[in-house]
Amino acid sequence: MEVGGLPVELWQLILSHLRLPDLGRCSLVCRGWYELVLSLDRTRWRQLCLGCLQHRHPNWPNQPGVEPPSWREAFRQHYLASKTWTKSTQDLESSSCLSLFRRRKGWRRLCVGAGGEFSSLRAALATANPYDRLVLLPGVHEEPGEVLLKVPVEVVGQGRLGDVVLLASIDQHCPTARLCNVVLMPARFTSVLYKTTSGYVQFDNCNFEGGQLQIQAPGTCQVKFCSFSQSSIHLRNVALCVLENCEFTGSENASVTVEGCPSSDRNWACKHLAMLAKSCMASLQEPDPAGCSAAKRREWGELPLGTVRTCEIVVGEERSSFLSAVGAQALLGSAQEDTELGENLRATKEEEYLALDSNSSDSDLCSDDEEDAQAVYKLPYQAHGLSHTLADLTESRLQGNRLHALQGDLKLKSLQQELQQDKEAQSLANSLQGCIIRQCLFRDGKGGIFIYSRGQAKLEGNVFRDLTYAVRCIQNSKVIMLRNDIHHCKASGIFLRLSAGGLIADNNIHSNCEAGVDIRKGANPLVLCNKIHSGLRSGIVVVGNGKGIIRSNQIYGNKEAGIYILYNGNPAVSGNHIFQGLAAGIAVNENGRGQITGNVICENQWGGADIRHGGDPVLRNNLISCGYSDGVVVGERGKGLIEGNAIYGNKGCGVWMMSSSLPHLINNQISHNSIYGVAVFCCNDNADDHPPGQGGSESFQEEREGAGGENDPDSEEEYPAARRPISVALVELNSINHNGAAGLHVKSSEALNVIANVIHANGDGGVSVLQSSQLTLIANNSISCNSHGGVLVGGECQVELRGNGIYENSSHGIVSKGEGVIAENDIIGNHRCGLQLLQAADMKVTKNRIQSFRDYGIALFDEAKGLVQENLIFQGRSKKSILRPVSNAEDCIIQNNVLLTFKKRFDRECMLINPPARPHLEGGAPGSCTTAGGQRVSSITTRVDGGCHNHGSIFCTVL
C-alpha cells in the first residue's frame, strides 16, 4: 500500500514521531491515513502507552510481560477512564444541539512546593477554582491538620512516581476529585489517608502506604494502577466502585473491606462507572476441554502428581490399561502387594473348597462325548426376569458402548455452556453492583477481600497469593468471582459462611494450606467450572448446614478429599471431574448429606466416595473408576442412596461396606474391579486394614458443637429423591460382574438384604457369606458363570436364599455350612453339585429346581441336617445318581422330592416354564411341572438311612 506516493514503511517512520493530538488529526484525513495510524500499534502507540506517567503497563501488576491485544485500545481505555472525574456536570436535556454552545471548562495550573506559587496544598486549595490542576513539585508535602477538599480539583505529582510524597489526611466534600502520580502517607494524628461520604474520587498511578482509604455511600471511587503497601480500602454501602490493576501487599487485616448492602442512593458517577466497566469486561473464554496447557500449568505451579490428563475409560482391554501413566507407576510399585493378595485369595479358595473336592467322586472325569451329552441335558434358562441385563453383560461390545456413552454424557461443560443453561448464574456474571475489582494482585498479607453485612463485590482476573485467606464472604453477602488465581494461602482460599452466596466460576484455586473453597453455616454459592487442585487439605469443604451448587469443576491432586461434606452440609454436586486425589474423591461424614450426581470420580488414592458416621448422601449416576483403592466406601454408621453409578476398574473392591452401615445400593454397574464387587465387613474385622477415615483431618470444632447431632429444620433437602425408608442395608438391582474376586463377599454382624442383582462372571464365587450372625436375605438374584461356586455359606451363618437363578458357575451351585432356608431357587447347569450341605449345616431346602451335569443335584455330607423336601431334581449325565444323602445327622429329613430323567431327544423347554426360569422380579408362586409324553417314568422306593424327628423311616418317591 502507498499513501501519497511514498511506501507505507516510510509513512510509518514519519508518523512514529508525532504527538498524540497530531496522530488524532492524521487519522481524520482519510481512510488510508486512518489505517496507517492504526498500523502503528506495536510502535508509536506502545511508546505513548508506556510513556504516560498517569498509568502503567496495561497488564500490570499480574502479567507485566504480556502485551495487550491492542496498545491503541489499551491507551484509549486509560484515557477515557482518566477523564471520568470531569463528567460531573449534568447534561442539558432540552436539546442535544445546545451542547455545541456549552462553554468549555477553564482550569488553571497551580504549582505547590519549593519554587512553586504555593507552599502548601491547603494554601493552594484556598484559591483554587473548580477543575484546576494542582501540581505537587518533587519533595515531601506534609499537612499538619485534616485537609478539606471543597472544590473539584486534580492533584498531580510532577516527575516519576515516588518523587512526590504527600503526608496528609484528606476529607472530600466536593462532587468530584482526582489524584495522580502521588505517594500518599497518613498524617501523624490519624491512619485515614482519604475519605469521602458523598462525592466521587479517582486515583491513578498512586502509592498508598500505611493508611486507609474510606468511601461511604453515596460516595464512590475509581482506583487504577495504584499500589497499597500495608494499606487498605474500606467501602461502606457503596453502590458501585471500580478497582483495577492495583497491587495490595503486607496488609495486617483485609486489603479491601466491603460492608453493607449497595445503596440505592447513587451519585452522578455511577452511570459512568457502569459504562466503563461494561466496555472493559473481558469476553468469557472457553476453557480448554483437554485440560490446562503446559504453559498454564507452569504459571499455576507444578502439580504433585505429574501430568494431569482427562479421565477416560478404556474398554475392551486388560484392567491395567484403565490406569494412567501415574497409575501405572503406582501399580508397579504395589505389584508385590497385589501378588500377595492374589496368593491369599487363592489359598482361601482352596481351603474353602478342599472338603468339597474330596467328596466329588468321579465328577472330574470327562468322557469323549461330553459336549454332546451336555448339549442334550442342558436346560434353557435365558428367559428369566433379569435376562435383559445379563445379555448386555455377555456382549462386551454393548457394555463398552454403554461406558463410552456414559463418559460422553459426563463430559465437562465450559463456563459458556453453563451460563447459557443457568439463567441465575448468567445474571450474577453480568451484574454490576457494589465493588468491582479487576486485574489486581493481593500478596504477602493477612487477608485479601472481606465482604460482610449484605455487601456485594465482583472479582475478575485477580491474583491472590501468599495470604492468610483470599476472600471471606459472610452475613448474607454476595461475591462474584470470575477467572481469579488463588494459591498458597495459609488457610482456605475462599471462605463463605452465614448465608453468603454468589458465583465462583472459572477460577484457578490451588496449593492452599486449607480447603480451596470453604462453605459453612447456610452459605449457598454457585461454584462452576473452577480448577481446584494441589491443596494441602480438601478441595471443597461443605460443613455446618452449608449448601451450594458445585458443578463442572476439575478437582484434582488434593491431599485430602476432593469434596468433603459433614455436619449437615447439603450441597448439590454434579458434573464435576474429581481425580488423582491423595485421599477420597468425595467424603461424606458426620451427618453430611448432599445430591452427588453425574460426576466423574477416578484415579483417587482411596475410595472414590467415602461415607461414614451418619453421612447420608444421594450418590447417583456417577462414573467411579480406576481408583487405587475401593470405588465406594460406606464406613461405620454410613447411610445413603447409591443408585445408577458405574463403578469400574478400581484396584480394590467396587463397594466396601461396614456391617454397621445402612446404605441403599440400587441399580449400579459394578464391574472389572480387582477384588470384590461388593464387600461387607464387621466393625471388628481388621483383616483388610481398611483406613478408619478417608475424608481429611480438618478441625471443625465450632460446627461439631453447633450441629448437636440434629438436622437443621431449615436445611431440608431441596432436591427430594424417591427414597424408601430402610432399616436393613439393601443391595438391589445391581449388575456385579467381571470383578477379580467374589461378586458379593459378606462378613457381617448385621442383617443384609440382597435383592434382584445380576452377579455374573466374577473371578471367584458369585456370593460368599462367611459370617452372618443376623439374617442375610438373598432373593431373586441371577448368579451365573462365576469362576468358582454360585453361593458359599459359611458355618454359623444365617441365610435365606429364595427365588434365585444360579446358573453355570464353575463349581458348586450352592455350598452351605450354616443355617437358614433355601427355597424356590433354580440351580441349573453348574459344573459341580447343584447343592451341597456340609459340616453342621441346618438348612430347610424346599421347592428348588436343581440340575448338575457332572455331579450330584443335592449332596449332604458330615453332620448336615435339616429338611430337604419338594425339590425338583433333573438328571445330568445318564446313569448318574442325582441325590446323595450321606449325612450322619439323625435330624436330616429328605422327603417328597421329584427326580426327573429323560431321553436324549426329550423336549426340555417345558421344565423351566411353569414357573419360568428364575429370578422373577414380580414374584409369583411356582407351579408344578407339566409331564410330557416322552418322559420315562419309573417308581422306585428307596430307604434312606438316617432318622427324622419322629424316628420313622423316610421314603423318597422317584417318578
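Reader: Is Gly219 buried or exposed?
Author: Keep in mind that this is a predicted model. The relative accessible area of Gly219 is 1%. The cut-off for buried is under 20%, so Gly219 counts as buried.

Reader: Which residues does Gly219 touch, leaving out residues up to four places away in sequence?
Author: Gly219 is in the loop between S15 and S16. Its C-alpha is 9.0 Å from that of Leu240, a residue 21 positions apart from Gly219 in sequence. As for contacts, Gly219 touches Thr197, Ser198, Gly199, Val238 and Asn267.

Reader: Pro218 is in that loop too. Which residue does a cis peptide bond join to Pro218?
Author: Pro218 lies between strand S15 (212-216) and strand S16 (220-224). Omega of the cis bond is about 5°. The partner of Pro218 in this bond is Ala217.

Reader: And what is omega for the cis bond at Pro919?
Author: Pro919 belongs to the loop between strand S75 (898-900) and strand S76 (940-944). The cis peptide bond there joins Pro919 to Arg918. Its omega is about 10°.

Reader: Now phi. What is the phi of Tyr131?
Author: Look in the loop between helix H6 (121-127) and strand S4 (132-136), where Tyr131 sits. Its relative accessibility is 13%, so Tyr131 counts as buried. Tyr131 is not a glycine, yet its phi is positive, at about 70°.

Reader: Is Glu603 buried or exposed?
Author: Glu603 is in the loop between strand S42 (600-602) and strand S43 (609-611). Its phi is positive as well, near 60°, and Glu603 is a residue other than glycine. With a relative accessible area of 3%, Glu603 is buried.

Reader: How far apart are the C-alpha atoms of Gly640 and Leu619?
Author: You'll find Gly640 in the loop between strand S46 (632-634) and strand S47 (641-643). At 4% relative accessibility, Gly640 counts as buried. Gly640 and Leu619 are 21 residues apart along the chain, and their C-alpha atoms are separated by 7.4 Å.

Reader: Over to the cysteines. How many disulfides does the count come to?
Author: A disulfide is a covalent bond between the sulfur atoms of two cysteines. The cut-off here is sulfur atoms within 2.5 Å. By that rule, the count is zero.

Reader: Which cysteine sulfur is nearest to that of Cys270?
Author: Cys270 is in no disulfide. Its relative accessibility is 3%, so Cys270 counts as buried. The nearest cysteine sulfur is 9.1 Å away and belongs to Cys241.

Reader: Which residues have the most contacts inside the largest nonpolar core?
Author: This core has 133 residues. Strand S25 (residues 463-473) provides the largest share, five residues. The ones with the most contacts inside the core are Leu235, Leu496 and Ile540.

Reader: Which residues make up part of the second, separate core?
Author: This core has 15 residues. Among them are Cys26, Trp33, Leu48 and Trp71.

Reader: Trp33 is in helix H3. Where do the buried residues of H3 lie around its axis?
Author: In H3 (residues 31-38), Trp33, Leu36 and Val37 are buried. They cover an arc of only 100° around the axis, which puts them on the same side of H3.

Reader: And within what arc do the buried residues of H5 fall?
Author: The buried residues of H5 are Trp71, Ala74, Phe75, Gln77, His78, Ala81 and Ser82. Seen down the axis they line one face of the helix, because they fall within an arc of 160°.

Reader: Last one: what share of the residues of the whole protein count as buried?
Author: The secondary structure comes to 16 helices and 77 strands. The protein exposes about 39,200 Å², with carbon and sulfur atoms supplying 49% of that area. Of its 959 residues, the buried share is 56%.

Terms used
Residues numbered from 1 in each chain as written. Predicted model: local features only at pLDDT ≥ 70, side-chain atom pairs only at ≥ 80, totals over all residues. Heavy atoms only, no water. Buried < 20%, exposed > 50% of the residue type's maximum accessible area, 1.4 Å probe, protein only. Helix = DSSP H or I, 4+ residues; strand = E, 2+ residues; numbered from the N terminus. Arc of directions from axis to C-beta. Areas by Shrake-Rupley, 256 points an atom, 1.4 Å probe, with all protein chains shown as cover. Core = buried A, V, L, I, M, F, W, Y, C linked by side-chain atoms within 4.5 Å. Contact = heavy atoms within 4.5 Å.
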